[in-house]
Each structure stands twice: as structure tokens, then as C-alpha cells.
Amino acid sequence: MQPPDKHPKIIVQDQQPFNAESPLEPLRRSFVTPTELFYVRNHGTIPEVDPASYRLTVSGMVERQLELSLEEIRDEFPKETVTATVQCAGNRRQGLMEAQQIPGETPWGAGALGNARWSGVPLREVLQAAGVGEEARHVAFAGLDEIEEGWSPNYGSSVPLHKGMSPEVLLAYEMNGEPLRSEHGFPLRAVVPGYIGARSVKWLSDITLQYVPSDNYFQAHEYKLFPPYVTEETVDYTEGFALGEISLNAVTCSPSDGEELSAGPVPFRGYAIAGGGRTIERVDLSTDEGQSWIGADLKEGEGHPWAWRFWEATMELDRGKHQIVVRALDSAADTQPADAGGIWNFKGYANNAWHSVEVDAR
Ligand SMILES: Nc1nc2c(c(=O)[nH]1)N[C@H]1C(S)=C(S)[C@@H](COP(=O)(O)O)O[C@H]1N2
Ligand SMILES: [Mo]
């Protein structure tokens, strides 16, 4: 059963823990994703938190430990709003699974992301109120959900202190102008724009300043990237690197893969996203597997450094089947790998190979 306030067309991947992704065509209709369409990624329970007794603690390498009620967080700190896209590191895992099997992981399509208007207090305001210790290098977050997988009783992660002190990182209590809904972390969550969704801890209860990254299972074990020659059998979890900034990506949302349509001019629409605050500079499409390319028009998203960019291109299609691939280029002149085989990794993260749809023009 999906939470009652989700869209009837949301694609449920698992019931318990509840995991669901957005259907692509509705997702592409609105630059700010309606909350009912916004994907949900949970590793454990959805806790019911009583806002009256809720407290956020800030401890570790700080000058003074804080224990803040929701009221204090709302009333005693500035409120900022950031339009930011949150994307799961497992977005497009399905494409990696087609290259080589990945047992036991959720087969996400390309809808495990969404763009929302997040409001709350900048994390750095709270860290400054606590006084950042000289030795501190990482900001660790812990949530209130109960986890069965791994060694940690609850979900947690961390970000480097320099990211935690950046103005776009929020402790958010609102999403799209209303209080966070329970599945999105009510009453308070971290929002770390430009980083994989796993770092945006929901139902946030503890912030710890420390010298080392979090030793929570979801920082130290999960969400690490390993090379294609490492497998479940050979992995040493002390190696690999903990994912931070998301990778450059572009996806066609409509037409959808396998769609039948009329020959002639066909509008293609999709999203593109760059990590770490870099911008999308170009989106290209190809009907001949990358031999030649056509430029798409960049649409909504200009001036929003932490959000995805929408794009659109009209392709002239003759009768018959066509495979259309898309790729983006960012402000670092980085672009995407052609195929998923070379970036396959046994956990199935960060698939940013050229996205393709096949259409049948009649
Ligand atoms: N406490 C907690 N925070 C969490 C998670 C979780 O399972 N528990 N999942 C993380 C992951 S992997 C992602 S991708 C995002 C998803 O955010 P959403 O469900 O609001 O879309 O939340 C992150 N924060
Ligand atoms: Mo995720």
C-alpha cells in the first residue's frame, strides 16, 4: 500500500520498507515536483514523530552542546528556501542490471529523483550557534528510523565540514511550502543539494561534529563505489569511496521507451542534472548511436544551481524503429560514458551512461 498522499501512478518498488519512484512523463511536466509525485527511498520504518517532544541534538567537536525543540529551530534561526533536486545514488540501476546482474538491490528506473522547494534553517547557522571545534572535519547526521540491515540501529551518514558549512545545505522543515510529510522526514531532515540523496538524512535527531566520517552502516558500507572488477565475493568494504557529489546525467522522459508514435516531427523532453553545483551547458541527442548529434533547447532551471535542468528537442523521424540516445555536458566540460558496461559496479550506483529510448514511428 502506498502512503495515501502519493500519486496513483507512482511506481512502488517495495512495500516494506516503502520505496517508490516517479513515472517519467508526469515527472517532466513540472520543474518543481509535486510532493505526491516525489520519489520515496527508505531503508527502514517511517517513524511517527511527536513534534512537541522532538529534540535535535548537536554535539561532538562543538563549543557547546545544543538540544533544540522544533519551535526553537523555527523561531530562533533564519529561514531560507532552496530549490534543489534530490536524487538517489541508485537512480537508473536498472540500466546497470541489464549489463550484468545485481541481486538484492532495488531495480530503480530513471525516476528516483525529484526537485522540491525546501525551506528551513541553513545547517551552518546551527553549527555556528554550537561553535565549530577546530578539529572538526565531518558533520554526521543520524535519523529516528529503525533499521534491520547492517550494524546500525538507525540510519545515518555524513558530509565533509566544508559542505556542511555551505549556505545551500538546510535543515528543512518544509517541502514545497508545507510541513514535511512523514515519508519525507517529518519533522526535520537534512537537505544536501548536489550530493546523493543518501546524505539528506530524514527524521533527523542528531548532528555530531567529528574528525572522521560517520561509521554508520549507510556511510561506511553502503553507498560506496567500487570498480567493475570488485564483486560481492571479493569486496573489502574498507576500500571503495563513499559517494558524495552526484554524477552528471541526462534522461529522456517522453516519449517513453517502446512508445508508438506518428512519423514526422516528434518532441523529445527530459531532464539533465549536474553534481556539486555545476551547471548543464549542453544536451545532445543522437539517432545513430552517437555518430552524429543534435542539440536540445535548455528549458526550465536557469538560475537554480542546485536543481535539474529541463530540455526539449524536436526530432524528424521517418517510419520505423528508432533508438534515441541523450547525453549532457556540464560547466566543467564533463560528459557521460556511452555505455553502462564499463561503469557497472556490484552495488549498482551512479549509472550515468547515455540514456536511450526506442520508439516506433508509424
Ligand atoms: N533517516 C533516513 N534518511 C534517509 C533515508 C533513510 O532510509 N532513512 N534514505 C536516504 C536515501 S538513500 C535517499 S535517496 C533519500 C530519499 O529521500 P525521499 O524519500 O524524501 O525522496 O533519503 C535519504 N535519507
Ligand atoms: Mo538513495
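The model is predicted, so local features need pLDDT of at least 70 and side-chain atom pairs count only at pLDDT 80 or more, while totals for chains, interfaces and linings use all residues. Residues are numbered from 1 along each chain as its sequence is written, chains are lettered from A and ligands numbered from 1 in the order in which they are written, and side-chain values use heavy atoms, with hydrogens and water left out.

**Ligand site**

- Ligand 1 is surrounded by 18 residues, where a residue is near a molecule if one of its heavy atoms lies within 4 Å of it.
- The closest of these residues are Tyr39, Asp145, His184, Arg189 and Lys202.
- By class, the shell around ligand 1 holds 9 nonpolar, 5 polar and 4 charged residues (Ala, Val, Leu, Ile, Met, Phe, Trp, Tyr, Cys and Pro count as nonpolar, Asp, Glu, Lys and Arg as charged, and the others, Gly among them, as polar).
- Ligand 1 sits in the largest cavity; a cavity is a set of points, on a 1 Å grid over the protein atoms alone, where a 1.4 Å probe fits but cannot get out, and a molecule sits in it if more than half of its atoms lie within 2 Å of its grid points.

**Backbone contacts to the ligand**

- A polar backbone atom of Tyr39 is 2.7 Å from an oxygen atom of ligand 1, and for a polar backbone atom of His43 the distance to a ligand oxygen is 2.8 Å.
- Arg41 also takes part, with a backbone N or O atom 2.9 Å from an oxygen atom of ligand 1.
- On its own, ligand 1 has 540 Å² of accessible area, and the protein covers 100% of that (areas come from the Shrake-Rupley method with a 1.4 Å probe).

**Strands and their pairing**

- An open sheet of 5 strands runs in the order β17-β24-β23-β19-β20, with mixed pairing; strands are DSSP runs of E of at least two residues, numbered from the N terminus, and two of them pair if DSSP finds at least two bridges between them.
- Its edge strands, each pairing on one side only, are β17 (260-261) and β20 (294-295).
- β17 pairs with β24 (residues 355-361) in the parallel sense over 2 bridges, and Glu260 has Asp360 of β24 as its bridge partner.
- Elsewhere, β1 (residues 11-14) and β2 (residues 19-21) pair in the antiparallel sense over 3 bridges.
- β1 and β2 form a hairpin with 4 residues between them, and Asp14 has Asn19 of β2 as its bridge partner.

**Backbone spots worth a look**

- Most residues other than glycine have a negative phi, and most peptide bonds are trans.
- Phe186 and Pro187 are joined by a cis peptide bond with omega about 10°, and Pro187 is in the loop between β11 (178-179) and β12 (189-191).
- Another cis peptide bond joins Ser254 and Pro255, with omega about 0°; Pro255 is in the loop between β16 (249-254) and β17.
- Asn176, in the loop between β10 (170-175) and β11, has a positive phi of about 55°.
- Ala333 has a positive phi near 60° and is found in the loop between β23 (320-330) and β24.

Key:
A polar contact is a pair of N or O atoms within 3.5 Å; within protein, one must be able to donate a hydrogen and the other to accept it, and residues adjacent in sequence count only if both atoms are side-chain atoms. On a 1 Å grid over the protein atoms alone, a cavity is a set of points where a 1.4 Å probe fits but cannot get out, and a pocket is an open set with protein on both sides within 12 Å along at least five of seven lines; lining residues have an atom within 4 Å of a point.
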